[in-house]
Amino acid sequence: MHRKLAAGNWKMNGTGASLAEVEALAADHADAGCEVLICPPATLLSRMADMAGPGIAIGGQDCHAAAGGAHTGDISAAMLADAGAHYVILGHSERRADHGETDADVHAKAQAAWAAGLTTVICVGETLDDREGGRTLDVVHTQIAGSVPNGASPERVVIAYEPVWAIGTGKVPTLDQIGEVHGAIRAQLDDTFGTAAGTGIRILYGGSVKPGNAAEIFGVADVDGALVGGASLKAADFGPIIAALGASDG
Ligand code: PEP
């Protein structure tokens, strides 16, 4: 079983001055009891990789499915790896919404990322409409079936369950709701990729995780960590979340 993972998604936030937050995290959480990942904007990748130290892994927020070529503004998986990334987030709901990314797009990007040696953090999650319509488990099942390629393993894949309605809103599902979806994802991974892979693939919860709610979320079965947006930007917020994960039993 891999170590629990506290992952920060900085989205389109951060300049050189923000590297001080990572410096503070590296100093305070060198032995966190969990793996720590930060996915900054591409402009900060190599600088952050240079100064983060061995206790903090660095990841991209997206990559192109092609290895290179005429794709203005895009970044290939090999470029992320060259800049010092070991992970890449794929299929975040903001990319699905803002850039029309489909499950098939995410699937192709994941294959490209694996070819470059990156671990993919593949995001899934229902909208509020889906939740209220009783379609959560179906939607998440379909997204995983379409987005995660054959050959998924704990080294290649982390799943992030992120209800779209919980991202950046301060709203969080109940612990029972989180447990239900994580349990269903675990069963699907077991069925699809075999028990060894399914049991070892980490499943993160994401959506308004804060220092005040992290510990209870990390106590839910099949929650192997968190993907954190807003609260990952400041060491004073992300630090306690990392500490709560390190101290959790899961
Ligand atoms: C995210 O965007 O992945 C996320 C979980 O954001 P927040 O923590 O701000 O809700």
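The lining of the largest pocket is made up of eight nonpolar, eight polar and six charged residues (Ala, Val, Leu, Ile, Met, Phe, Trp, Tyr, Cys and Pro count as nonpolar, Asp, Glu, Lys and Arg as charged, and the others, Gly among them, as polar). The model is predicted, with local features needing pLDDT of at least 70 and side-chain atom pairs counting only at pLDDT 80 or more, while totals for chains, interfaces and linings use all residues. Residues are numbered from 1 along each chain as its sequence is written, and side-chain values use heavy atoms, with hydrogens and water left out.

The largest pocket holds about 580 Å³ of space. Of its 22 lining residues, Lys 11, Met 12, Gln 61, Asp 62 and Arg 95 are the closest to the centre. Here a pocket is an open set of points on a 1 Å grid over the protein atoms alone, where a 1.4 Å probe fits, with protein on both sides within 12 Å along at least five of seven lines; lining residues have an atom within 4 Å of a point. The volume is the space filled by probe spheres set on the points, which are joined across faces, edges and corners. Helix H4 (residues 93-98) contributes the most to this lining, with three residues; helices (H or I, at least four residues) and strands (E, at least two) are DSSP runs, numbered from the N terminus.

Now to the barrel. Eight strands close into it in the order E1-E2-E3-E4-E5-E6-E7-E8, with parallel pairing (two strands pair if DSSP finds at least two bridges between them). On average, neighbouring strands of this sheet are turned by 25 degrees against each other, direction ignored. Helix H2 (residues 45-52) packs on the sheet and touches strands E2 (35-39) and E3, its direction making about 170 degrees with that of E3. Axes are lines fitted to C-alpha atoms, for helices over the stretch in contact (heavy atoms within 4.5 Å), and angles run from 0 to 180 degrees between N-to-C directions.

Lys 109 is found in helix H5 (residues 103-115). With a relative accessible area of 10%, Lys 109 is buried (under 20%, with exposed over 50% and partly exposed in between, using a 1.4 Å probe and protein chains only). Not counting residues up to four places away in sequence, Lys 109 touches Asp 62, Cys 63, His 64, Ala 65, Leu 90, Arg 95 and Glu 101.

Two loop residues complete the picture. Most residues other than glycine have a negative phi. Ser 208, in the loop between strand E7 (202-206) and helix H10 (214-218), has a positive phi near 60 degrees and is buried at 8% relative accessibility. Asp 222, in the loop between H10 and strand E8 (225-228), has a positive phi of about 70 degrees and is partly exposed at 27%.
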